[in-house]
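Visitor: I would like to go through a structure with you, one topic at a time. Could you show it to me?

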Amino acid sequence: MVVKRAALTIFLMLVFTSGISAQAIVLRADDVLPRLKAVQVEAFFVNGDQTYGFVQTQNGEADLKRLMLRLAALRLVAEGLLDMDEPVAKFLPDMVNDYPFKVALTLRHLLTGTAGFATPPGGLIQPDITLRSYTIELRTPGQVATDDIVGDAVLAALLEQASGKPLANVFDAQLHIPLGRPLAPALGRVLLHNETAGGQAFLTPEIYRLIAAESLWRLHPMGPLKSAVGAIKVSHGLAWLEVAPGIIAFPREGVVFMAPGIPGEAKQRFHNIVMQIARENFPPHTITGPREEARRMVPPTEVGGRYTRSDKPSAWLQSRARTMAADWMTLSEENDGSLTLSLAQIPDRGGDAAPQPFDRSFHEVVPYRYENKTGDVLTLSPYRMGGYAYLGDALYRYTGPLGHMDFIASIAPWVFAALLTAAFHLKSPVGRPWRRMAAFALIGTGLIGGALLAEWYAWPGVMYALDLPILVTLWRIGLNVGLMLILAIPLLAMSFVRRGLMPEKGVAILVAGPHLALLSFAAMALFLITVALGLAGDFSAL
């Protein structure tokens with residue numbers, strides 16, 4: 001694995017750093033600018049040492065904060081104040097969990113968006129709520145990359161703690177002073193040339209490689225790949241760095257396209273225009289390294305199942321359940337090795353013209369990577385890695401048979417109703433074990449039902465309006481106690497049969513056995529429902 005990663009790093013260095021010293025490809029501004037500004041008026045591009053079409057806007061710098069955070073962090077790494085693989089908990093022990101036998105969160109994870117934090121309701125962090133209430137770890141750090149606003153907030157806190165300065169002062173010292181103003185095009189020139197306003201190196205050569213020449217995280221040899229500031233992408237003989245939907249850099253060719261503050265509906269159009277300009281003006285190169293490495297991988301023995309959209313993982317049960325019901329895909333393997341893909345929502349390609357119908361048949365290009373006739377790419381995570389898949393840039397998580405939310409919602413009322421029928425045995429004449437079983441069933445069902453209602457309706461208010469995560473911890477403890485009680489039902493049922501503690505007269509002789517089976521089945525079904533909803537075994541709110 002180390003040899004493979006080193007080979008990929010060397011390849012990416014050749015692809016991206018060849019543009020650092022090479023002559024930039026000169027684009028015609030009168031051809032490029034009208035096409036960019038038709039999508040976003042504030043769009044511009046940096047070509048070599050020249051900037052074309054830049055217009056100073058009040059909100060432009062705020063939209064560049066993610067890139068600014070990462071470049072400032074790399075400057076602190078160069079100064080020795082931070083280390084890529086040092087646990088963040090060393091600096092922020094009250095904000096980030098630090099458990100033994102667990103992957104420690106590091107700066108590398110924060111830079112690549114692989115910290116694994118849950119996305120807060122509404123995608124917003126309230127400034128009057130402690131950041132600790134937002135650092136809910138849903139995934140193991142390093143597992144998969146997403147746009148992580150909580151991770152960015154933790155990164156900002158880390159910069160302040162490591163430097164001993166407020167974030168504004170960190171930006172002044174690390175960005176504004178060395179780069180000058182206007183900042184937006186200066187950041188573009190850093191991506192291309194690693195230069196300050198005075199022509200000095202902004203970062204050391206070793207650290208500058210982390211921007212576009214070295215992948216810090218990857219799902220598959222052919223992508224997705226993450227550098228310290230964005231996604232490294234290779235396609236159609238082109239290699240580029242996508243820092244954000246409005247910042248797309250081609251370091252090899254010496255061009256970066258920027259559209260600060262671009263609205264959501266225009267992001268895909270901007271990407272399409274940039275890629276069209278690149279294909280028209282940049283000569284393609286033969287890029288074989290990742291493909292050859294991927295071909296040497298052992299093909300998957302089994303592919304298929306149900307996946308749920310997981311770009312913005314939520315700790316709120318209501319949000320998770322609605323996503324499971326409304327945004328999923330299923331993969332079915334055919335006899336010829338192709339995959340038939342079914343989607344709840346067809347991906348938005350964002351083109352100006354009417355898109356071609358989505359082709360549901362995907363064929364293997366290399367192990368774990370498939371394409372269809374309309375150019376859509378499906379990449380599965382090798383070694384299962386938690387069971388993730390990318391359809392284009394959309395991330396899905398494997399949920400398997402338990403991911404059918406419509407089925408869960410349809411059977412859940414019947415499961416609860418069946419367990420409540422244990423009340424008939426509260427005064428059972430057969431003996432105390434039967435009465436104890438009935439008490440276990442009713443108390444356990446009540447604890448679980450109450451916790452599920454709290455998770456569905458009260459969780460956001462308790463966490464972020466009241467800022468009392470301890471209440472979430474209490475009801476989750478109650479839920480898991482309830483699970484232990486109802487899981488005792490099948491064990492008690494088997495003991496009743498084995499010990500002969502069954503009714504010996506009346507109608508009870510006929511119904512006792514089937515009722516025990518029904519209660520046992522309902523108990524196991526409720527346990528599986530809580531597993532599917534991600535609550536079983538989760539005792540803490542954070």
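Predicted model: local features only at pLDDT ≥ 70, side-chain atom pairs only at ≥ 80, totals over all residues.

Visitor: What share of the residues count as buried?

Guide: Of 542 residues, 52% count as buried.

Visitor: Let us turn to the sheets. What is the strand order in the open sheet?

Guide: The open sheet has eight strands in the order S2-S1-S8-S7-S6-S5-S4-S3, and the pairing is antiparallel.

Visitor: How many bridges pair S7 with S8?

Guide: Strand S7 (residues 247–250) and strand S8 (residues 255–258) pair over four bridges, in the antiparallel sense. Within this pair, Ile248 has Phe257 in S8 as its bridge partner.

Visitor: Which strands make up the closed barrel?

Guide: The closed barrel consists of eight strands, S9-S10-S11-S12-S13-S14-S15-S16, paired antiparallel. From one strand to the next, the twist averages 30 degrees. S9 and S10 run antiparallel and are joined by four bridges, and Tyr307 stands opposite Met329 in S10.

Visitor: Where does H11 pack?

Guide: Helix H11 packs on the sheet and touches S9 and S10, its direction making about 130 degrees with that of S9.

Visitor: Which residues of H11 are buried?

Guide: In H11, which covers residues 317–326, the buried residues are Leu317, Gln318, Arg320, Ala321 and Met324. Viewed down the helix axis, they fall within an arc of 165 degrees, so they line one face of H11. As background, an α-helix has 3.6 residues a turn, so residues three or four places apart point the same way.

Visitor: What covers that buried set?

Guide: The cover includes strand S9 (305–309) and strand S10 (328–333), together with helix H12 (405–420), helix H13 (432–465) and helix H15 (508–532).

Visitor: Staying with S10, is Thr330 buried or exposed?

Guide: Thr330, which is in strand S10, counts as buried at 18% relative accessibility, because the cut-off for buried is under 20%. Leaving aside residues up to four places away in sequence, Thr330 touches Gly305, Arg306, Thr340, Leu341 and Ser342.

Visitor: A change of topic: how many salt bridges does the structure hold?

Guide: The structure holds 18 salt bridges. One of them joins the side chains of Asp152 and Arg66, at 2.8 Å from N to O. This pair links distant parts of the chain, with Asp152 in helix H5 (residues 149–163) and Arg66 in helix H3 (residues 65–78), 86 residues apart.

Visitor: How accessible are Asp152 and Arg66?

Guide: Asp152 is buried, at 10% relative accessible area, whereas Arg66 is partly exposed at 25%. Salt bridges with shared partners also join Arg66, Arg70, Asp147 and Asp152 into one network.

Visitor: Which residue forms a salt bridge with Lys102?

Guide: Lys102 forms a salt bridge with Glu137, and their closest N and O atoms are 2.8 Å apart. Lys102 lies in the loop between H3 and helix H4 (107–112), and Glu137 in the loop between H4 and H5, so the pair ties together parts 35 residues apart in sequence.

Visitor: Finally, the backbone. Where are the cis peptide bonds with Pro182 and Pro224?

Guide: A cis bond joins Arg181 and Pro182, with omega about 0 degrees; Pro182 lies in the loop between helix H6 (167–179) and helix H7 (183–193). The bond from Gly223 to Pro224 is cis, with omega near -5 degrees, and Pro224 lies in the loop between S3 and strand S4 (225–226).

Visitor: What is phi at Asn194?

Guide: Asn194 has a positive phi, near 60 degrees, though it is not a glycine. Asn194 is buried, with 8% relative accessible area.

Methods:
Residues numbered from 1 in each chain as written. Heavy atoms only, no water. Buried < 20%, exposed > 50% of the residue type's maximum accessible area, 1.4 Å probe, protein only. Helix = DSSP H or I, 4+ residues; strand = E, 2+ residues; numbered from the N terminus. Arc of directions from axis to C-beta. Contact = heavy atoms within 4.5 Å. Pairing = 2+ DSSP bridges. Axes fitted to C-alpha atoms, helices over the stretch in contact; angles between N-to-C directions. Salt bridge = Lys/Arg side-chain N within 4 Å of Asp/Glu carboxyl O.
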